[in-house]
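Hi,

Here is the structure I promised to pass on.

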Amino acid sequence: MQLARRISSLQTNVFADMDKAKAKAIAAGRDIIDLSLGSSDLPVAKPILDAIADALQDPSTHGYTLFHSTQPFRETVAQWYCNKYGIAIDPETEVLPLIGCQEGTAHLPLVVLNPGDIALLCDPGYPSHKGGVHLAGGKIHLMPLREEKQFLPVFADIPREIVARSRLMVLSYPHNPTTAIAPLSFFQAAVRFCQENKIILAHDFPYSDFVFAETPTPPSILQADREKNNTIEFFTFSKSYNMGGFRIAYAIGNRELIGALRRVKAIIDFNQYRGIMRGAIAALKAEEAIVTETVSTFQNRRDIFIKALNAIGWKVPTPPATLYVWGKLPPTWEKNSLQFCLQLVEKTGVALSPGSGFGLEGEGYVRFALVHPPHILQAAVTRIAAFLEEV
């Protein structure tokens, strides 16, 4: 069978290799401690679940969810954004419900890129940002994120001939995998750069609430582009509200971009089940304690995990945000993060994400996801210590 050339770039990656390695370790009888996936282990709060449960008994929620049916959700999002960031939002033209952020970030290149146009992406960065660009026939220019630059891209380093062909830039702060945060001044510079060069600026914002006590609240990209001239932002309920499996998110921003995404969405799917949207509404209207308790839990895990790693001689910086730790590998492994992770899971059952899976600039690092209680995280460090002593 001959398949379309456009999927040739969507091959298996290091995460698929890690998935096979985990399956092999399980088959060999290993007890797996999986720190490779950023899927929260915490439960969804009761008010959210109650709203979804009540909706199940309401037959009016059982049919297709067309755009008009999402109006209560869009209005709640607009009010929540206005309250949090001080930005007026039109729920009719500037908000679009999504079945997870990846739906939005994957479809956006289809509406802004013509074949051969360039998208500016971060390296390291979230792997799925590349997929939509490939499907749209676009080209990718990677912006290196390095520790000495606080893991922020340097726009002046992008070659002028690349800038001239660029139509999209994707940022995401707090950043996965590096855990870096970006100040409002950085976003203001990004908006200026993109406006001067007629580039659409997209901000993937899943960790908007996931910052720890010592860290300022991260800005929305719309605070740097209050007129919404060329920006769009993506928010998910997966992190703040532990709703990863419910697949509910939204895009917010420039009305022309929102309208174009809506046209693409209309030929691919309807919308999320209205009961789940009611749960998301309940989340946005709930007491702030729902989010602060989740963040506090992960801050406690972070502190215990960092202390445990330091105790075995693996010095890593304390992340200011997200549910990850981004650590430089010991010198023996600094050029082969994939092999480190493959051997670690084979010999100890501890699964991590190799930095190379996030891009060339991620080589030499691994990402730990803090998605287990403290005693399991400490057990993982004990196994890691034994592995390092063996090799």
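This is a predicted model: local features need pLDDT of at least 70, side-chain atom pairs count only at pLDDT 80 or more; totals for chains, interfaces and linings use all residues.

Residues are numbered from 1 along each chain as its sequence is written, and side-chain values use heavy atoms, with hydrogens and water left out.

Back to that pair. Helix H10 covers residues 289-311, and its axis comes within 10 Å of the H12 axis, at a crossing angle of roughly 20°. The axes are lines fitted to C-alpha atoms, for helices over the stretch in contact, and angles run from 0 to 180 degrees between N-to-C directions. Helices here are DSSP runs (H or I, at least four residues), as are strands (E, at least two), numbered from the N terminus. H10 and H12 are therefore roughly parallel (under 35 degrees; over 145 is roughly antiparallel, 65 to 115 roughly perpendicular and the rest oblique). On the H10 side the contact uses Asn-300, Arg-301, Ile-304, Phe-305, Ala-308 and Leu-309, and on the H12 side Pro-374, Leu-377, Gln-378 and Val-381 (contact means heavy atoms within 4.5 Å). Seven of these residues are nonpolar, two polar and one charged. For these classes, Ala, Val, Leu, Ile, Met, Phe, Trp, Tyr, Cys and Pro are nonpolar, Asp, Glu, Lys and Arg are charged, and the others, Gly among them, are polar.

H12 (residues 374-390) also meets H11 (residues 337-348), with axes that come within 10 Å and cross at roughly 110°. That angle is why H11 and H12 count as roughly perpendicular. Phe-340, Gln-343, Leu-344, Lys-347 and Thr-348 of H11 touch Arg-383, Ile-384, Phe-387, Leu-388 and Glu-390 of H12. This contact has five nonpolar, two polar and three charged residues.

Then there is H3 (residues 71-85) with H9 (residues 274-285), their axes 9 Å apart at an angle of about 20°. That makes the two roughly parallel, and the crossing of H3 and H9 is left-handed. Pro-72, Phe-73, Thr-76, Val-77 and Trp-80 in H3 meet Met-277, Ala-280, Ile-281, Leu-284 and Lys-285 in H9. Eight of the residues in this contact are nonpolar, one is polar and one charged.

Now the spaces. On a 1 Å grid over the protein atoms alone, a cavity is a set of points where a 1.4 Å probe fits but cannot get out, and a pocket is an open set with protein on both sides within 12 Å along at least five of seven lines; lining residues have an atom within 4 Å of a point. Points are joined across faces, edges and corners, and a volume is the space filled by probe spheres set on them.

The largest pocket holds about 790 Å³. Among its 32 lining residues, Gly-38, Gln-102, Tyr-126, Lys-239 and Tyr-324 are the closest to its centre. H1 (14-27) gives the largest share of that lining, four residues.

There is one cavity of 30 Å³ or more, and the largest cavity has about 60 Å³ of space. Its lining has eight nonpolar residues, two polar and no charged. H4 supplies the largest share, three residues.

Notes. A crossing is left-handed if the near helix is turned anticlockwise from the far one by less than a right angle, and right-handed if clockwise.
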